[in-house]
Amino acid sequence: MSKPIVAIVGRPNVGKSTLFNALAGETISIVKDTPGVTRDRIYADATWLNYSFTLIDTGGIEPESKDVILAQMRDQAQIAIDTADVIIFITDVRQGLVDADSKVADMLRRSGKPVLLVVNKVDSFAKFMPDVYEFYNLGIGDPIPISASSKLGMGDMLDEVVKYFPTEEEEEEENEIPHIAIVGKPNVGKSSIVNKLLGQNRVIVSNVAGTTRDAIDTNVMWNGKEYVFIDTAGLRRKNKIKEELERYSIIRTVTAVERADVVIVVIDAVEGITEQDAKIAGIAHERGKGVIIAVNKWDAVEKDDKTIYKYTNKVREVLAYMPYAEILFISAQTGQRLPKLFETIDMVLENQTLRIQTGVLNEIMTEAIAMQQPPSDKGKRLKLYYMTQVSIKPPTFVIFVNDKELMHFSYTRYLENKIREAFGFRGTSLKFIIRERNGEK
Ligand SMILES: Nc1nc2c(ncn2[C@@H]2O[C@H](COP(=O)(O)OP(=O)(O)OP(=O)(O)O)[C@@H](O)[C@H]2O)c(=O)[nH]1
Ligand SMILES: Nc1nc2c(ncn2[C@@H]2O[C@H](COP(=O)(O)OP(=O)(O)OP(=O)(O)O)[C@@H](O)[C@H]2O)c(=O)[nH]1
């Protein structure tokens, strides 16, 4: 299920980080070790009532001169317009309304995107409400008073946010056609792949310029079946600041991945796999999407009979956290193995939605336990009672045990391998939830 994207935009010091943390709570997800962006979170999972969404922080602004702030705010707002379903425009009741607020409000209004005007630091409604009315002047709707630090008004604000989320029917309509995101570093050949696919196949609609997002959706027919490719190519280079560029590229990757069923992580064969590739692939992994690693520009690599083998090993080594990922060696230029790419997409789609009967799962579990005794600690041995699959995309299993503490990661991995031996599940991660069940059995 693709989660709606909510972006936070606002001047320095209005409380963006505070709001972000308040909404994300403990589920915060940081892009670790990304040079230049380690200091800030960029995105996080958040929930409100029955809704889940992805929260993005469009960026910190270095308060320099007023002009610079305005320019950076515009950049932020543009990122939000490009990628988000709902934009929270946060202002500060204590700083009051400033000129930059009005300019950014104009920009947001023109975009036609749902925008919520939030006025922060309203720690006391009695005291500050009169000042809140001033924000009506921005012309982007009713100001919603909150206090991010005291978590006041958050429920009312979130009620407004979720009103803009797609309904289940809209969601289903959008979800009928498989969505494939093409992600990767700049220049690895993302657009070339999409162009080649378009060139080779009958196109129904091309370049349906993202009505909602700047990633371009392209519908492609293959073997009588329709696919939507979400292309993240063509990163705007006018965002000169390196850190901003990086933040923007991560936000775009996250938002494209979020909408996708299967993610194709494109790697440049000439350059070889890098840490940056691993980070991009990590986003797809973390979101539980189907993953295909496409090593592109294979035509430009000098090969002998061991080249593929060596490459595969190298990719596996760098992407050790996702051994399930499919690897394909392709060339957007010559079209080499592009048919195979579709076959692989179909296979991964199938695996993402595969459901295994409980009876069969428990047979596998019983056999696995017989072959390798579960771990024990301080005289207490792990007992596994029962396993059942609770959802798909990614396939998710609940295992009931006597004591969660005893369930080591390595034993879960062992069970995962047994399940994979039986059903493959190639191209998709599997998720395991360990639950304690009291009582003897
Ligand atoms: N009184 C009050 N102070 C708040 C509230 N929310 C945030 N603050 C304070 O405002 C200051 C700025 O908050 P941040 O969350 O860092 O603001 P920011 O918008 O992320 O700032 P930049 O990183 O500079 O863009 C901090 O000192 C917060 O403690 C609030 O609801 N009430
Ligand atoms: N030899 C060879 N060159 C390729 C192949 N695919 C792409 N290229 C070249 O690689 C360069 C980058 O290709 P793009 O498709 O623009 O890459 P991109 O990933 O969309 O790049 P951004 O827009 O920067 O994100 C171009 O010069 C392409 O001609 C390939 O399969 N083989």
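This is a predicted model: local features need pLDDT of at least 70, side-chain atom pairs count only at pLDDT 80 or more; totals for chains, interfaces and linings use all residues.
Residues are numbered from 1 along each chain as its sequence is written, while chains are lettered from A and ligands numbered from 1 in the order in which they are written.

Start with the whole chain. The protein chain has 13 helices and 18 strands. Both are DSSP runs, numbered from the N terminus: helices are H or I with at least four residues, strands are E with at least two. Of the 441 residues, 40% count as buried. Buried means that 20 or more other C-beta atoms lie within 10 Å of the residue's own; exposed means 12 or fewer, and partly exposed is in between, with C-beta atoms placed from the backbone. Now take contacts between residues at least 6 apart in sequence: 72% of them join residues at least 24 apart. A contact needs C-beta atoms, placed from the backbone, within 7 Å.

Next comes ligand 1. Around ligand 1 there are 17 residues, and Gly15, Lys16, Ser17, Thr18 and Ser147 come nearest. A residue is near a molecule if its C-beta atom, placed from the backbone, lies within 6 Å of it. By class, this shell holds four nonpolar, ten polar and three charged residues. Nonpolar covers Ala, Val, Leu, Ile, Met, Phe, Trp, Tyr, Cys and Pro; charged covers Asp, Glu, Lys and Arg; the others, Gly among them, are polar. Helix α1 (residues 16-24) gives the most to the shell, with three residues.

Helix α1 also has a buried side. Its buried residues are Lys16, Leu19, Phe20 and Leu23. They lie on the same side of α1 because they cover an arc of only 100° around the axis. The arc is that of the directions from the helix axis to the C-beta atoms. These residues pack against β1 (5-10), β3 (43-48), β4 (51-57), β5 (86-92) and β6 (115-120).

Two strands pair if DSSP finds at least two bridges between them. Strand β17 (residues 396-401) runs parallel to β18, and six bridges join them. Ile399 stands opposite Ile434 in β18. In the loop between β16 and β17 lies Pro394. A cis peptide bond joins Lys393 to Pro394, with omega about 0°.

Asn187 sits between β8 (179-184) and α7 (190-200). Asn187 is not a glycine, yet its phi is positive, about 75°. Asn187 counts as partly exposed, with 14 C-beta neighbours inside 10 Å. Lys297 lies in the loop between β12 (290-296) and α10 (307-318). Lys297 is not a glycine either, and its phi is positive at about 70°. Is Lys297 buried or exposed? Lys297 counts as buried because it has 22 C-beta neighbours inside 10 Å. Asn137 is in the loop between α4 (125-132) and β7 (144-145). Asn137 is exposed, with 12 other C-beta atoms within 10 Å. Asn137 and Ser102 are 35 residues apart in sequence and 8.4 Å apart in space, C-alpha to C-alpha.

Methods. Two residues are in contact if their C-beta atoms, placed from the backbone, lie within 7 Å.
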